[in-house]
Each structure stands twice: as structure tokens, then as C-alpha cells.
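Reader: I have a structure open and want to learn how to read it. Could you take me through some features?

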Amino acid sequence: MAVLSEGGVPQRPVVFVSRPALVNRVREKLYHLQKEPGWVTVFGMAGSGKSVLAAEAVRDHALITECFPGGVHWLSIGQLDRADLLVRIQSLCFRLEQQSQEKDPSSSVHRPPGSLEEAKERLRFLMLRRYPRSLLILDDIWDSSVLKAFDIQCRVLLTTRDRSLADCVSGSKSEVAVESGLEEGQALEILALYVNGKPQRLPEQARSIVRECKGSPLVVSLIGALLREFPDRWAYYLHTLQQKKFKRIRKSSSYDYDALDQAMAASIQVLSEEHRELYIDLTVLEKDVKVPAKVLSVLWDLEPEEVEDVLQDFVNKSLLFRDCHHRPYLYYLHDLQLDFLAEMNRSGLESLHTKVVRQYQQRYSQGPPTSGDEECLYWFRFLTYHMAKANLTQELYSLMFSLDWVRTKAQIMGPAHLINDYVEYGAVLDKENSEVRGHFQEFLSLNGHQLEQRPFPDVVQLALSQPDSSEVYRQALLQAQERATTGGLYLDWVSVVGPYTLLMNKSSLKSLSRLVVQPHQGSIYSACFSHDGTNIASCGSSKTLRVFKSTSGEKLLEIQAHDDEVLCCAFSPDDRLLATCSSDRKVKVWNVERGTLMRVFEDEHEEQVNHCQFTNTSLRLLLATCSNDKFMNTKLWNINKPSSQNTMFGHLEPVNHCCFSPDDAYLSTSSNDGTLKLWEVSSANEWKSIDVADMFPEQSEQTEVMVKCSTWSADGRTIICAARNAVFVFDVETAAMLLEIRTSRLSTVQYCHACPSSNLVAIALSHYAVELWDIETSKKMADCSGHLSWVHGVQFSPDGSLLLSCSDDQTVRVWETNKVHTSSAVCLKRDSDVLFNNGDITVVAADNCNRLQVRNGRTGAVMFQSEDQESRIRCTAICLQTSAVGLGREDGTIQVLEVPSGTSLATLQGHTRAVLHCQFTPEGHTLITSSEDTTIRVWRWRTGECVVLEGHKEQVRCFSLLTTSPSSETHLLSWSFDGTIKVWDMSSGERLQDLVCHQGAVLACDVSPDGQLFATTSADKTAKVWSSASWECVRLLNGHQDCVRSCRFSWDGRRLATGDDNGEIRLWNVKDGSLLKICSRDNKDAMDSLHGGWVTDLHFSPDNTVLLSTGGYIKWWNVEKGEALQTFYPTGTNLKRIHVSPDFSTFVTIDNIGILYILKKVE
């Protein structure tokens, strides 16, 4: 049965007895899944043999062929936290994608999903599209929230102790009870197999032993293994079972431990003294964790072969189980056996965990294992757990406050477990240093999504972006300095110090939340402000509802609200009522003042209720709810009536969210069917339907498009919705799309909410971030960092002054909108100029208030700031010879100002439209400007004399000075969207050359250092090299698949670099036009551009060995190999250009949010 082996279905135990009646019952239920998806639950007490039964049920060729031709996929679950669950689903998705790729090489293997939401969506796609008729077996499920991650409309067989678990998921359900354990005949058969005899020839004590075992396969196996070694001890072991010597301090009511305890005690007793001590060491293992022999080899300080012999002895005695699907084998204890060991060794647990840590430290004194095998994974997952249990706080501090540990663990396991450790052991770490713990958490909060990327980013470089006061930065700088001595390239983001931190820069990028509250144990799925803004209600996986003050976090009310996870809460317009909805399918309405239940709606929704919301006014108070029901999934309730007032029919898939328009005339609903629907509240009729799935034509075949939520603008004229990694703004009247915001491709949008008092919309993302966007300008205005896990919800307060966010990290954060919104800090525009002069750096740029700023790049000090300009500043320039700066405006005016006095030296009128570029000549007497009006003007700016260069038919975005030899005069080279290059005599204005270069717009041009050649790039996807002597094209460079946006000659003139809009960079041999290297090709994420966006600027180092490029981020390349040496990820994106110091040690740029980056090479 290769299908079962590939899918990870466990083999039969060594001693196996068939239970045909039960097996057939399970198979009969599985046959019901042939036609449609659904759930089969096998439930029973601990140790009753559920897992063996589930595995046996699928060992049937006819069943697999007829019902599950897509295969059977086994997943062991146990008691998992969310980080572990994510890792399990990631590995399942990877296994499925690999198998799919083997069958169909054209199918792709994606990067691991970064959040549970994303993992669930990926698994849904794989099960529905690539494995449509397959069976997923979930073994040993404890928690309904875990089960919900697999609620993806597929066929599932699950084993559990809790019969009611499947109530929380959608689809058809059936169950098989394993109540009695083994029947007498089956138990006798197992004993007979152990002693190599026949059931009817067993001694008379056999039946009594079976009765004492109470049908538990585990206990029968333990006694059988003992009798195999001591076949004459039947009476002795019967007497042992009857004695009940072992007394438990804690007992579970669901299981009769007595027989198990006596059997375990007897089995351990017959071990040799040495083996008995080794077996007791297994007490430290976590439940549901399988370990390779190599881990125990470290613990016991024995050779692996010796360990295998010891483990074989334990397996033979049924004291341990072996998973033979893995090579090397994995070993594990049954939960009940671990319970026994923990009870037996209660007083010695700390010393047992200490032994684990000391043995690990002895074996790995030179550094942790990095092989990535099962042993390596075990240590990275559980070393912190053992240290905490051993109370070795000093060791825990030094491990978790180490950047090396962060890097290695994130690389091997991804960031989810790492972040989980800082939450789980936060209280312990805070005793040592809460500030340092905060530094590490903040670093992970800001960079967690980067640590998901493959190839894995350089953690030291990421950490150099932390504030200088951070311990993370301190460690990174030491490592960067050490590596720089051996040729490593690292960039330190120079902080602006002193009273100038209002400038958006490195020091201002810290967690800005005003209030952090931890109202619940477990994930928080929903939080909302009261309508007067004074209180906040929150709910989540803890099944509770809590109300607290929005200013202080003081608890006002806590209610055990539902029998399952509470998915949403909402205040009524007068704040007297709170509605909650849950996975338990119920909707409840509470009196806030008294904390009492007023109304329960429990009969109409048949699946989990995802969202609830009251109308915005009390004139006609209604409550809207939406659910996972197939048809009747959106309802309106009058809370004074026992049944719903209206049901909206139209969505055929679960509805995730519902939202009233500001005037309560309409209700919007967001569904997994890929649509956003608008309903008339008065009639419950569908008014409009917007197909959001159509917005993703390139990916519609890869996964379903689920619309997560919607939010209305304050005037009710536009509606904003979230799906995948995008937010769309639609006109309500025409249903036309007005705006599309695409966030990081490495993340999914979980929720969005429009500010009632401005154009801002808040977006919650799976990569732990909250972003603020201005939907008028389509610009990201701020990042709110601080959460340590997936952010589920965001909401502005009614007056827009506050913003709350809630997360899987068990916190609600409250932010002051003005403080996180970057307009309250000074941010600079990207069209800047920079002067490097004897170690000084001068930066000139317009700010967000349309003032010209001149700043000292070393200190951040404002050397000069102009008055607000009447018209938008479009370009700036620094004069090298005099203390002057120039600016070009939208209205065509040019000004030259003295620095630092601000005296106006010249106001130059002449251009009729926006000035796009301005530049002083080296001697400083002449200022050249180009404009949207298609002209270039050469100004003697002190006198106002002007030569106009006319001839281009479209806007002139840029120009360059062309000097072919030191003695010759300087000409001007200009290029335009009209596809031409023109060469001008600057003094006379005569056009010397007019070259039609490209079929599309000319996007960039660069002159070779010796002036003999120049290169052009175009929207026609080509680049060309021209001779400035003959004015002829000497090289045509084909190969780019997108607009070629940038180009640069190397300083020796031998190479040309070109960059395109797909993020690809090509290196060419100038002499013969041959392609030398393509940078980036191997580094592309399955969904991302090669460079995070267009390649907008390129620079070679003076020795021509390193190439610098800008796009969505900044990269440094080894020119010879075409390989990336370093990457710097700015907070924003879309870098336009970068200024480089002559010695290639300092780099200055501004991102689209307005943050200034001064990057200094670490020496």
C-alpha cells in the first residue's frame, strides 16, 4: 500500500489483533464521504486504540480506489499551540506540493505560508484542486480551534477523546464510538500472541487479568510484554494489578488509571537498574512529541547504536512506541505513560530537565546543531522549554537574548516558534531585563515577515536597522564589524540624534502604541470601541467577553460568554448592549451595565457565526449576523423578537463579514465566493454584487479569492474591501473600482477599517503589522509595529483619534492616530539632492508641508527651511560652489535660495508646466531645468538670462552633461517620452543631434566616464549603446521582458548594467554587447518581483567590483558573479534614486513614506 506509506499512515503494531466490527463501522462511515466532503469522528477514552483503528480502517484497497483516489494523508496533532500547528500544516503543504510536482513538473512549490490563515487557504487549494478526492486523517485532536484550521471542505477522519469536537466545523458528520476498548476475546488473543500460544490454552488467570485491564489495549500490551519475558508469572501479575499500590495525587475523571499504573510500575520494575534510570529520563518529553534516537544519545551520553538497543528493549516491553515511517525511526510515549512518569517523578522533574540542558551544553559546546534533521529540530523547538522547566533562568536569558540563536532558529524553523517563545517565557525574561526582552520582541515584530523569506535574509543586516540603544543593534554591530574584516558588506543606518527626531528616520521607528492590554488567555479575534470611545470590548479563543477602559485598560466587565471561541463582539449605538457571536453557532445580546444575558439566538445558524454588527443609530435597531452556512448565511434580527426578521439569499459560500452603511440603508457582506454584495436593509433584497475575484486574474487558478471584510467611508459614497494581499475601493453608486492598494506579497490582509474623520484606512496584516493608508493619495502613511503574531482586527474610535488592533499574541493595542500617522512627523519627498563634501553630508528635499529643507545628514540638524511654497515642489538641486539651492515647482517657477539665510537669490519664470529636473553646472553659474512643457532651459541664474532648448514633443524628465574630451566644450544630452535623444549646444541653444532611439519612451540614459559612449533604455524593453562621435547605435541589447528603467556604465567603461520593471538586472560587455550576468534570477519569491519593484537606479563602486541597485529595496551585488552581497529593506518601498559618496561608503535615499536613510558601510 504505497499510497498509505507516502501519506504517513502508521504501520501495524508488532502485536496486532483485528477488531473487525469496529473497523467495518469506520469503513462504512468513510464510504459516505465518497460523494461529498465531511467528517468521520472516531472517539473514545485514552488508550482505547483509536489511532490503530483509524490506520487499519484505511488498509482497504477497494475503499482507497473508490473513495480516495487522491490518496490518504495522515497528520499527528496532539496538544499543539498555534505556532506548532502552523509548522504541521506548513510541512503537510510542502509534502503535498512536492508529491504534486513529481507528478506534474509544471506545478510550483511555494514559500511556506506565513500565518494560519494563509496556511488554511493553501491547504484548501491543495485539497480541492490538486488532491480533490483524498482523505485527511487527523490523529489525536484535543482542541476545537485546531480542528477549525482544517475546516476547508475536504474529507476528514479524526480521532479524539472529545465526542463533541466536530460540532465546531461545517459539513456532514458521522461518528464511531470506541467505548469498551478490547473485548475479552481480543484481549486474550493479544496475550496469546505475546506468549506465543493459543487463547484457549492460556492459564485460568488470563481472563482475570483481562478483566483487570478493563479493555485497555495499552495495559494489555504492557502485561503481555512482561509475560513474554516471564511466562510463569501469570498469578504474580494478576496479584499486582489487583493490589492498586500506586497512589496518584492528581487523577483524571475520564480514565481509570489503576490498572495502567500497576502495569507500568511492574514493567519498569523488570528493567535492569541502568535501563530503569534511562526510562525515567523520558519523563521530560512533551506529550505528542516524537524524538529520534540521536536526541536520547545526547541525553544519555551513549553511542546511537547503544541507544537503539535500549529503545528496542523499551519497545519490546510496550513501554515505548516507534514510528517506522521516518528514517531514522522516531520514538514516543503514549500520553497515559507520560502522565504516569510525571506522577511518579514529580519531585525530580526540575533535576531531570537540568540533566537534559547540561548534556546538550556538553555535546554542543561549540554551537547548536544546524543539520536541519529531526534531532536538530528537536533542540531548537524544546531547548527553551527544558531550560524553563529546569528553572535555569540564566541559561534561558543568554540563549534568548542572543542574535545568533534568533538567526539560527528562524532559519531552521521559521519565526513563528521564536516569537512564541518570547510570549511564553516573557515573564521569566522580564525578571532579568524587560528592556532587552522588549528589544528582541520589537525586532521580531518588525522583521518576522522578512524571516519567512527564502533565500533567508541576513539577520545581522536586518538588526542594524534597530535603534542604536537596542541590544539587538549592539550585537549586530559587533558581528558586522567582525565580518567586515574578512570582506563582509554591512550597512549601518545612521541615526539622527539630538532634538531632531521628529524627522522620520531610524530612531522614530519604534512601537508607538499608547496602551497594551492582555485581556484574555489565547488569541483575540475581535475588539471594538464603544460609540462614546471610552470603553473597548474584546473576545477570542478563551470563550470570554471583556470590557475595559480605552484610556487605562482597567477591567469593567468579564463574562464567560459562549461554549466555544467568540469570534466577534459589537456595541449597540447607545452602548447599553453588546452582541457576541461564536463557533458554537449562537448569537447573544448582553446588558453591558449589569453583565447579564438578555437574548440568545441559537436555532437559525447551523454553522459558526463569523461576525455581528448593530445598526449605527437606534432609530430602528437591528443586528446583522453572518455565518458559514451554505445558503442562509446572512440574517437581520430585531432583538425584541425570538427569530430573525430577514435572511439575505445570494452567497453560496461562507460569509466572513457584514457591515451597515453609515445611514443604515444598506448592508455589505464579504464572502469566500469572491464577491462583495450590497443589500437593501428595508427589503433584504440584493442591490449590487461586485466580483472581487476578477481583480486577481493572474492567480484565480491558484487559490480561491476570499473577501475578508468591508468598511464604508464616512460619507457612504465608497466601500472598501480586503482580499488576499490587496484592498480595493469601490464607488457605491457605480460599483466602479476607484483605487487598489497592494500590500506586501508576503502577507495577507486580515481586516480593514476606514477612519470616520479622515481619508485614512487601517489595514491588519498577517505579518504582524498594521498599516495606515491614505485612500485619497494612495500612499502608505504609517506602520504600527509591536504585535508579535497575526493581527485579526483593527478599528478606529468614533472620532478617529484612536486606533485599536487585536492579535493572536493575546494583546489589544491602542494607538494615537496622530502619533503613528507620519504627517505628524516631518517626512521628506523622494526628489532630493545630496552633496558629499569632506565627510559632511548635505541633504536637500521638499517635506510633506511643501517646504524646502536643507539638513545636515550627520546630525539631522535643519540648516535651512523655506516658507510653504504656493505650488508643489517637484525637484531640488544643490550648487557646489556657492551656498545656494534650487527648486523647481509644479507651476513652472524656479527659485534659487541662499543657505542658511533663506534669501531669495533668483526667481526664474518661463516654464509653463511642472519643472521635473534641475541641476547646477559644476562651476555654479548656470542652472539647467527641464519640464513637462517639453522644453529645457539654460539659465544664467544671477542675471535671469535664459536659452530655451525646444524640439521634444513630450515631457523631458531628465538630461545629462556630455563632455567627450577634457578640452571640448560641454554639450547637453536630453531624453524624453517621445522616444528621442537630442544633443544641444548650451550657449547658443542650437540642436546638434536629433536621434530617434526607441519605439517607446526613453526612460534612462547614462554617459560613459570617458564621454565616448552613452546608453539609452526604453519602455520598448530594449537598451542601446551609442557612439558620441558618430551618433550611431553601436550595440542593441535585447533580453529584458519588461520596460528597461535604468542603466549605468562601470567606471572603467567595460560594463553596462541595466535594470527593468520586473526587478531584473543585466550586466553587459560594452565591447561586444554580450550578456555577462543576470542578477537576481535565483532569488525570486514565487509571488514577488525580483527586486520588490522596478529597478530605478544603479551605481558601480570605484573599483567596479560591486554594483548597487534600488527598487523595492536596496541591493549590493558582486559584479563578477552576479550574486547578491547584501540587501537593505526600507520600511516603505518604491525608492526613486540613491545618492552615493565618491568613496562608495555612504548611501542616501528616501522611501515613499518619507523616511530618510543614511547608510554607512560598516568598517
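Predicted model: local features only at pLDDT ≥ 70, side-chain atom pairs only at ≥ 80, totals over all residues.

Reader: What do buried and exposed stand for?

Author: Buried means under 20% relative accessible area, exposed means over 50%, and partly exposed is in between (1.4 Å probe, protein chains only). The areas come from the Shrake-Rupley method. Take Arg454, in the loop between helix 22 (426-447) and helix 23 (459-463). Arg454 is partly exposed, at 34% relative accessible area. Gln79 sits in the loop between strand 2 (72-78) and helix 5 (82-103). Gln79 has 41% relative accessibility, so it counts as partly exposed.

Reader: How many residues of helix 10 are buried?

Author: Helices are DSSP runs of H or I with at least four residues, strands are runs of E with at least two, and both are numbered from the N terminus. Helix 10 is mostly covered, with eleven of its 13 residues buried. Among them are Pro217, Val219, Ser221, Gly224 and Leu227.

Reader: What span should helix 10 have?

Author: The expected span is 1.5 Å times one less than the number of residues. Helix 10 (residues 217-229) has 13 residues, so it should span 18 Å. Its end C-alpha atoms are 19 Å apart, which agrees.

Reader: How many salt bridges are there?

Author: A salt bridge is a side-chain nitrogen of Lys or Arg within 4 Å of a carboxyl oxygen of Asp or Glu. By this rule the count is 52. Asp564 pairs with Lys148, with the closest N and O atoms 3.5 Å apart. This pair links distant parts of the chain, 416 residues apart. Asp564 lies in the loop between strand 14 (555-560) and strand 15 (566-571), and Lys148 lies in helix 7 (residues 144-148). Asp564 is buried, at 8% relative accessible area. Lys148 also counts as buried, at 9%.

Reader: Which residue forms a salt bridge with Lys317?

Author: Asp313 does, with 2.6 Å between the closest N and O atoms. Both Lys317 and Asp313 are buried.

Reader: Is Glu1120 buried or exposed?

Author: Glu1120 is exposed, at 58% relative accessible area. Its side chain meets that of Arg1055 in a salt bridge (3.2 Å, N to O). Glu1120 is in the loop between strand 64 (1114-1118) and strand 65 (1123-1128) and Arg1055 is in strand 59 (residues 1055-1060), so the pair ties together parts 65 residues apart in sequence. Arg1055 counts as buried, at 14% relative accessibility. Elsewhere, Arg872, Arg874, Glu890, Arg913 and Glu932 form a network of salt bridges.

Reader: Which residues gather in the patch of negative charge?

Author: A patch takes residues with over 30% relative accessible area and no salt bridge, joining like charges within 9 Å. Asp and Glu count as negative. Here the surface patch holds Glu273, Glu274, Glu277, Asp301, Glu303, Glu305, Glu306 and Asp309. Helix 13 (273-281) and helix 15 (304-316) each supply at least two of its residues. Glu306 is in helix 15 and is partly exposed, at 40% relative accessible area.

Reader: How many residues apart in sequence are Gln79 and Ser297?

Author: They are 218 residues apart in sequence, and 26 Å apart in space, C-alpha to C-alpha. For Arg454 and Gln411, 43 residues apart along the chain, the C-alpha separation is 9.2 Å.

Terms used
Residues numbered from 1 in each chain as written. Heavy atoms only, no water. Patch = residues over 30% accessible without salt bridge, like charges linked within 9 Å, V, L, I, M, F, W, Y side chains within 5 Å. Areas by Shrake-Rupley, 256 points an atom, 1.4 Å probe, with all protein chains shown as cover. Charge placed at Lys NZ, Arg CZ, Asp CG, Glu CD.
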